[in-house]
Amino acid sequence: MKKTIALILILALVVPVSSLALDREIDYFGGYAHIEIRKDNSPVMYMIYFAEDYTCYYLVQSFDTDGPGLGRSFVGTWGYTADGSVHAKIGNNTSITFKISSLGSIVDMETMQVYEFFDGLYH
């Protein structure tokens with residue numbers, strides 16, 4: 001009897017936690033950004049916006065200490081994978097896979113860069 005009660009209590013604790021993990025989705029009301037600061041204090045900025053129609057808008061811009069450096073932008077597509085990750089095509093020959101964190105940010109699974117969510121302004 002004690003084992004049965006213990007099993008019921010364990011299941012009662014595990015089921016709500018596992019159901020929270022399955023509800024993570026991309027937020028369409030803003031974008032995600034990541035900034036790296038190089039040794040010379042110049043930034044490299046990454047941004048991605050996921051639209052509801054499965055279009056994604058990606059840009060990266062580097063800066064030198066005296067002005068803009070290399071940059072690129074791309075309009076691609078995105079979708080969920082079987083394991084709940086987000087796969088985005090961000091260039092003609094480039095794609096990226098993100099995991100959605102419990103805090104609402106997304107993490108590039110190759111580089112482990114964290115992209116934080118920021119609100120969008122709708123007109």
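**Entry 1: the core**

I looked up the largest nonpolar core and found 19 residues, among which I26, I48, F50, I106 and Y115 touch the most other members. By nonpolar core I mean a set of buried Ala, Val, Leu, Ile, Met, Phe, Trp, Tyr and Cys residues joined through side-chain atoms within 4.5 Å. I took buried as under 20% relative accessible area, exposed as over 50% and partly exposed as in between, with a 1.4 Å probe and protein chains only. At least two residues of this core come from each of β2 (43–50), β3 (55–64), β5 (86–91) and β6 (94–100). The strand that gives the most is β2, with 4 residues. In soluble globular proteins, nonpolar side chains tend to be buried together.

I then listed the contacts of I26, leaving aside its neighbours within four places in sequence: Y32, F50, W78, Y80, V86, I100 and I106. Contact here means heavy atoms within 4.5 Å.

**Entry 2: basis of the values**

I note that this is a predicted model, in which local features need pLDDT of at least 70 and side-chain atom pairs count only at pLDDT 80 or more, while totals for chains, interfaces and linings use all residues. Residues are numbered from 1 along each chain as its sequence is written, and side-chain values use heavy atoms, with hydrogens and water left out.

**Entry 3: the chain overall**

I recorded 1 helix and 8 strands, in the order α-β-β-β-β-β-β-β-β along the sequence. Helices (H or I, at least four residues) and strands (E, at least two) are DSSP runs, numbered from the N terminus. The chain has 123 residues, of which 30% are buried. Of the contacts with a separation of 6 or more, 32% are between residues 24 or more positions apart. The accessible surface is about 8,700 Å², and carbon and sulfur atoms hold 63% of it; such areas come from the Shrake-Rupley method with a 1.4 Å probe, and for residues only the protein chains shown count as cover.

**Entry 4: G30 and strand β1**

Is G30 buried or exposed? G30 counts as buried because its relative accessibility is 3%. This glycine lies in strand β1. Beyond four places in sequence, the contacts of G30 are Y49, F117, F118, D119, G120 and Y122.

I next traced the partners of β1. The strand runs antiparallel to β8 (residues 114–119), joined by 4 bridges, and A33 stands opposite E116 there. Another 6 bridges join β1 to β2, also antiparallel, with Y32 and I48 as bridge partners. I counted two strands as paired if DSSP finds at least two bridges between them. The hairpin of β1 and β2 has 5 residues between the strands, and N41 in this hairpin takes a positive phi near 70°.

Between β2 and β3 I found antiparallel pairing over 7 bridges; M45 stands opposite Q61 in β3. These two strands form a hairpin with 4 residues between them, where Y54 in the turn has a positive phi of about 70°. Strand β4 (residues 67–80) pairs with β3, antiparallel, over 9 bridges. The bridge partner of Y57 in β4 is V75.
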